[in-house]
Amino acid sequence: MANETNPADLNALDVTDAEEVEINRIAHPLLADPAPDANDDLVQIDSTADGVVFVTINRPAKKNAFDAATIAALHEAFETLHGADHVRIVFVRGAGGTFSAGADLNWMRDTADWSESDNRDDALGLARMLKALHDVPALTVAVVEGAAMGGGAGIVAACDMAVAVEGARFAFSEVKLGLIPATIAPYVIEAIGARRARQLFLTANSFDADYAAHAGLIDLVLPEGSVDEFVAMLTDSLSGNAPGAMGEAKRLVNDIAGHKIDSGLLDDTAKRIARARVSPEGQEGVRAFLDKRKPAWAE
């Protein structure tokens, strides 16, 4: 429990309501204290033969807070997945029961002494990592345990889908530091809308998984201990989907969202379905349906 003799305890993520009141009194409670890394492998990538990938932020000793090196490792992982064939789904998780506590304190201390130009270059690293995640062709799913704070919540928003275990906490607390959630804003606003984003960005209040679902940041609240069951269920439900078509369907949404429905858009969508119909997957899928058999990718 937090106390005056040990202020570092204020960074603990498992807090009572009373402790949360105390936490909100200090400038920024959501940064992890410096601690030795448990593993030099900052990001772990695991995959299965049936097109399932797990990307895990692996700094449990720091509650998976990220710095420039971690952001670079995540960027590399997501860029690699852009060219990975037969991947249907990518789960993004944090090791050790916490998704991400946000920014690492040592990294924050360093940036405070940098020039505006240096800070811009550094911030572009996070912006490009989030864009690489957003553009992964497969379905991306954030699985939140413990907490997703600041930029960690931005990673959640950049995924196509997100779930959280009961008891998980979220916050966009940048204004408590005199900062703004700039690089994550496009994805948060896309996920929850401008009005809700204004409320959460300006109040900087923490909120639970139920409110995150209400706001649209996550899609489902999972009971404690049910993550593996959820992963298996969702993975099984996608086993009959063509990986290439999934990527094209995602690109379709990204390309036409917000566009006026005019003759140009009609022509573009007609070209896309025509291209899909003559593609190897389209040919195989339709023939398998007519032959009443499974397509090759579902075998």
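Reader: In what order do the three strands of the open sheet lie, and what is the pairing?

Author: In this predicted model, the order is β5-β7-β8, and the pairing is mixed.

Reader: What makes β5 and β8 edge strands?

Author: Each of them, β5 (147–149) and β8 (207–208), pairs on one side only.

Reader: How do you know that β5 and strand β7 pair?

Author: Two strands count as paired if there are at least two bridges between them. β5 and β7 (residues 169–171) have three bridges, in the parallel sense, so they count as a pair. Ala147 has Arg169 in β7 as its bridge partner.

Reader: Which helix packs on the sheet, and which strands does it touch?

Author: Helix α5 (residues 151–158) does, touching β5 and β7. The direction of α5 makes about 100° with that of β5.

Reader: Why is Thr111 called buried?

Author: Buried means under 20% relative accessible area. Thr111 has 14%, so the word applies. Thr111 belongs to helix α3 (residues 105–111).

Reader: Which residues is Thr111 in contact with, leaving aside neighbours within four places in sequence?

Author: Asn119 and Asp122. Contact here means heavy atoms within 4.5 Å.

Reader: Why is Phe289 called exposed?

Author: The word exposed is used over 50% relative accessible area. The value for Phe289 is 66%, so Phe289 is exposed. Phe289 is part of helix α12 (residues 280–291).

Reader: Which residues make the nonpolar surface patch with Phe289?

Author: Val286 and Leu290 make the patch together with Phe289, and its area is about 370 Å².

Note on methods. Residues numbered from 1 in each chain as written. Predicted model: local features only at pLDDT ≥ 70, side-chain atom pairs only at ≥ 80, totals over all residues. Heavy atoms only, no water. Helix = DSSP H or I, 4+ residues; strand = E, 2+ residues; numbered from the N terminus. Buried < 20%, exposed > 50% of the residue type's maximum accessible area, 1.4 Å probe, protein only. Axes fitted to C-alpha atoms, helices over the stretch in contact; angles between N-to-C directions. Patch = residues over 30% accessible without salt bridge, like charges linked within 9 Å, V, L, I, M, F, W, Y side chains within 5 Å. Areas by Shrake-Rupley, 256 points an atom, 1.4 Å probe, with all protein chains shown as cover. Salt bridge = Lys/Arg side-chain N within 4 Å of Asp/Glu carboxyl O.
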